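Please read this briefing alongside the sequence and the structure. The points are grouped by topic.

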Amino acid sequence: MKITVRVVVDTGDATEPTEVEVLALDREDLAPDTVGLHLAEAHELLGAVQDVLVTAQVKHACGQHRCCPDCGRAFRHKDTKKISITTLFGTVILNSPRYLACPCRPEGAASFSPLSAVLVEHTTPELAYAQARFAAVMSYNQAAALLGEVFPLGRALHASGVREHVHRVAARLEAELGPEETAGLGECRQDGDGLPLPDLPLVVGLDGGYVHSSTQTSRTDGWFEVVAGKSLPTGGNKPAKCFAFVQKIETKPRRRLHEVLHAQGVQANQTVIFLTDGGEDIRDLPRYLYPPSTTWTGSTSRCGSR
Ligand SMILES: [Zn+2]
């Protein structure tokens, strides 16, 4: 049995839709190893569909910027460069044309490239997310190997590349984090009188742990303390959220918790309960992180409201 997969591209204008064959399969009798698609076939199919899709998108985008919007004259072509875009479904090399600016606009840049203006990043956000997601639960090496096995990336992914992208994502997230001073978690409570009845109390588990250097030369050499927390909404089906920071270097712990709680929809008049083991290293943290919170330590006899 022969099966052919074709992709039809209809741009929606006066041009005829185009049809491209992306995969041809030949199957023998039904058996466990012939049922459905194999991983290699799925890779081939996804990569081929991605090529057709991106080619059509690029052609459409270039067509939209072919003429001057002010006078209607066609831009003069200057040169063409290659742009490489890495996606979850293959690396695509695009011909990126550069045009001379229209004479009716003497001011401004002498040339421009419509594709370069749009495709500033050469890795798609989805691939950046997958790298960060995988690297959050395994080593960079393993993340690179697993991503290459599961997705048709079209090129080898190296641990250093994953690390670089993860750090770039982290830097962007850090830059988006607001100032510590205006986190204003507990202070908002006074303004919450007019709010609807809040959900049940939100519980935040908090604990600290020490990470030691593998090349430690003395007891205090190369170690640092990590504070990790997990916020558990007690009502509805909202998922738990985790956060962590290194006390020595973290400059915005309150802001970090603020973002976690707000992502879970905490209200200004909602009670937040911290659960800790009462260790000296984290005993005072809840009071700083969320002043009106209640803290329950490992022993119920030490339970108290702050
Ligand atoms: Zn013009």
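**Cores, sheet and helices**

Leaving out neighbours within four places in sequence, Leu 285 is in contact with Leu 206 and Val 227; contact means that the C-beta atoms, placed from the backbone, lie within 7 Å. This is a predicted model, in which local features need pLDDT of at least 70 and side-chain atom pairs count only at pLDDT 80 or more, while totals for chains, interfaces and linings use all residues. Residues are numbered from 1 along each chain as its sequence is written.

**Nonpolar cores**

- The largest nonpolar core has 14 residues, of which Leu 202, Val 204, Leu 206, Val 272 and Leu 285 touch the most other members.
- Two or more residues of this core come from each of β6, α6, β9 (272-275) and α8.
- Another core, of 13 residues, lies apart from it and includes Leu 88, Tyr 140, Phe 151 and Val 162.
- A nonpolar core is a set of buried Ala, Val, Leu, Ile, Met, Phe, Trp, Tyr and Cys residues joined through C-beta atoms within 7 Å.
- Buried means that 20 or more other C-beta atoms lie within 10 Å of a residue's own, exposed 12 or fewer, and partly exposed in between, with C-beta atoms placed from the backbone.
- Helices (H or I, at least four residues) and strands (E, at least two) are DSSP runs, numbered from the N terminus.

**Helix α6**

- In helix α6 (residues 253-263), the buried residues are Arg 254, Arg 255, Arg 256, Leu 257, His 258 and Leu 261.
- These residues pack against β6 (202-211), β7 (224-233), β8 (241-246) and α8 (285-289).

**Helix α3**

- Leu 127, Ala 130, Gln 131, Phe 134 and Ala 135 are the buried residues of helix α3 (residues 125-135).
- Seen down the axis of α3, these buried residues fall within an arc of 120°, so they line one face of the helix.
- The exposed residues Pro 125 and Glu 126 are on the face turned away from the buried side of α3.
- The cover over the buried residues of α3 includes β3 (76-87), α4 (140-150) and α5 (159-176).

**Sheet**

- Three strands form an open sheet in the order β3-β4-β5, with antiparallel pairing; strands pair if DSSP finds at least two bridges between them.
- β3 and β5 (111-112) stand at the edges with a single partner strand each, so one side of each has no neighbour in the sheet.
- Eleven bridges join β3 and strand β4 (residues 90-100) in the antiparallel sense.

How values were computed. The arc is that of the directions from the helix axis to the C-beta atoms. Two residues are in contact if their C-beta atoms, placed from the backbone, lie within 7 Å.
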